[in-house]
Amino acid sequence: MTCEFRPMLLLASMLPLGGCVAGMVVSAAGMAARSARGEPVSNEHLRPVATTACSTEAARHGAVRIIDVEQRTPSKIVVWGTADDGKQRRSFECAYGTKVTSFKLRVIAPAS
């Protein structure tokens, strides 16, 4: 190989490596950002509190019956149930973190 082609080969090999290094920098920055956020703290020990809080919210709409309680994410508990005021039965879905964060109420159509 002559001396004239070596600088061109060196330059040509550096271009792909430059992209690789940039990708590594972006990946490292993403990892640092995820690390800074930290892991969510589990609130599984709050299941009874979540059930009570969601039942209290649902009780405004009638007699409450809890159907299921699920740990959806480390920091989110979901409670499902029904509320019946004697005239209308409704289902509810309640999300709980450290307090009730959402409450959805739906009418249950009467059986024909």
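## The hairpin

Thr73 has Lys76 as its bridge partner in S2. Strands here are DSSP E runs of at least two residues, and helices are H or I runs of at least four, both numbered from the N terminus. S1 and S2 form a hairpin, with two residues between them. S1 covers residues 63–73 and runs antiparallel to S2, joined by nine bridges. Strands pair if DSSP finds at least two bridges between them.

## Basis

The model is predicted: local features need pLDDT of at least 70, side-chain atom pairs count only at pLDDT 80 or more, and totals for chains, interfaces and linings use all residues. Residues are numbered from 1 along each chain as its sequence is written, and side-chain values use heavy atoms, without hydrogens or water.

## The core

The largest nonpolar core has ten residues, among them Leu46, Val69, Ile77 and Phe92. Such a core is a set of buried Ala, Val, Leu, Ile, Met, Phe, Trp, Tyr and Cys residues joined through side-chain atoms within 4.5 Å. Buried means under 20% relative accessible area, exposed over 50%, partly exposed in between (1.4 Å probe, protein chains only). Helix H2 (47–59), strand S2 (76–84) and strand S3 (89–96) each give two or more residues to this core.

Beyond four places in sequence, Val69 touches Arg47, Thr51, Ile77, Val78 and Val79. Contact means heavy atoms within 4.5 Å.

## Asp84

Asp84 lies in S2. Asp84 counts as partly exposed because its relative accessibility is 33%. Outside four places in sequence, Asp84 contacts His61, Gly62, Ala63 and Arg89. Its side chain reaches the backbone nitrogen of Gly86 at 2.8 Å.

Terms used:
A polar contact is a pair of N or O atoms within 3.5 Å; within protein, one must be able to donate a hydrogen and the other to accept it, and residues adjacent in sequence count only if both atoms are side-chain atoms.
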